[in-house]
Amino acid sequence: MQIDLNSYKTILVVSPHLDDGVLSVGGLIEKAAANGADVIVATAFTADTPPGMAISPLAIELHELWNLGSNPFEHRRNEDIAAVGALGGRTLHGPLLDALYRTDRDGNFLYPTRQSIFSQPPDHDDVGEALSHLLDQWIAEVSPDLVLTPLGVGRHADHIQTTNALRRLAKVRTMTVALYEDMPYATGVFPVAAPDTVDAALKRTLWQVAGSQIVPVDLAGKLNAIAAYASQIADIFPNGIEVGSVLDDYMRLGGPTGAYGERLWKAVP
């Protein structure tokens, strides 16, 4: 495939969570915006925690780690606006509940543990229809020349739901789609308990993948934007892992000698 950022006027980056787009293709966002493109990072799962809702053990653990109170998503949306804005892009925030909070029709938590959330979504997680409708609305609203969506590295349920929903939509809408490598999972060392790889995700994906391209980017701007997600760093990079060193190592592997790069995969449904 060939991505010529000068040829795209509007790029839609579909992000499951409030950090995925910047972590994965922050360099591309900055480069495209600097070239004059309208770059929109549209994040699906950003709804506030329902007031008075009992939350799962995993949600309790993460709320304590984030230290943002019982409704962390208002603060997290503001972090996202700052991060994407630092790269020259703009944001859209969806009204869907993060997997942390979703329940089945009997009120049982669908993803009460880390193991469950980094697994194939169960059939009775019925967020897919609402997600497809949301993506359809966004594409109609912004009319993108290029849509970027997760490959699904890491097996996070929300990432899988997101890319599968866009694939369903791409079957009935004409669009140019490329898959981005989900960070930090694409490094091959995350999630810590059960690391995943790009190669494994390429074998699992329902998309037909037709080659890849490395887009040379600047790392410094991307790291500056990631720093805006202050509440999330300890969760994304646990045990004192240094963000810059992880991305430096991975993006050097993906880029030309002496440079950094982000890899995209051409995809058709």
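## Ground rules

Because the model is predicted, local features need pLDDT of at least 70 and side-chain atom pairs count only at pLDDT 80 or more, while totals for chains, interfaces and linings use all residues. Residues are numbered from 1 along each chain as its sequence is written, and side-chain values use heavy atoms, with hydrogens and water left out.

Six of the six residues of β1 are buried, so the strand is largely enclosed by the rest of the structure. Here buried means under 20% relative accessible area, exposed over 50%, and partly exposed in between (1.4 Å probe, protein chains only). In a regular strand the side chains alternate between the two faces of the sheet. In β1, T10, L12 and V14 lie on one side and I11, V13 and S15 on the other, and both faces are covered.

β1 runs parallel to strand β2 (residues 38-43), joined by six bridges; strands pair if DSSP finds at least two bridges between them. L12 sits opposite I40 of β2. From β1 the chain passes through α1 to β2 in a right-handed β-α-β crossover, where right-handed means that, with the strands pointing away from the viewer, the path from the first strand over the helix to the second runs clockwise. β1 also runs parallel to β4, with three bridges, and V13 has L148 as its bridge partner there.

## Strand β5 between β4 and β7

Strand β5 (residues 177-180) points V177 and L179 one way and A178 and Y180 the other, and all are buried. Strand β4 (residues 146-150) runs parallel to β5 through four bridges, while strand β7 (residues 260-268) runs antiparallel to β5, also through four bridges. V177 takes part in both pairings: V147 stands opposite V177, and A267 is its bridge partner in β7. Together β4, helix α6 (residues 157-170) and β5 form a right-handed β-α-β unit.

D20 belongs to helix α1 (residues 20-34).

The D20 side chain does reach the backbone nitrogen of H17 at 2.9 Å. Leaving aside residues up to four places away in sequence, D20 touches S15, H159, Y180 and M183, with contact meaning heavy atoms within 4.5 Å.

## Salt bridges

A salt bridge is a side-chain nitrogen of Lys or Arg within 4 Å of a carboxyl oxygen of Asp or Glu, and the count comes to 14 salt bridges. D19 pairs with R76, their closest N and O atoms being 3.8 Å apart. This pair links the loop between β1 and α1 to helix α3 (residues 73-86), 57 residues apart.

R102 and D125 meet in a salt bridge at 2.8 Å, N to O, and both are buried. D136 and R173 meet at 2.5 Å, N to O; D136 is partly exposed, with a relative accessible area of 27%, and R173 is partly exposed at 30%.

Conventions. Helix = DSSP H or I, 4+ residues; strand = E, 2+ residues; numbered from the N terminus. Polar contact = N/O pair within 3.5 Å; in protein donor to acceptor, adjacent residues only side chain to side chain.
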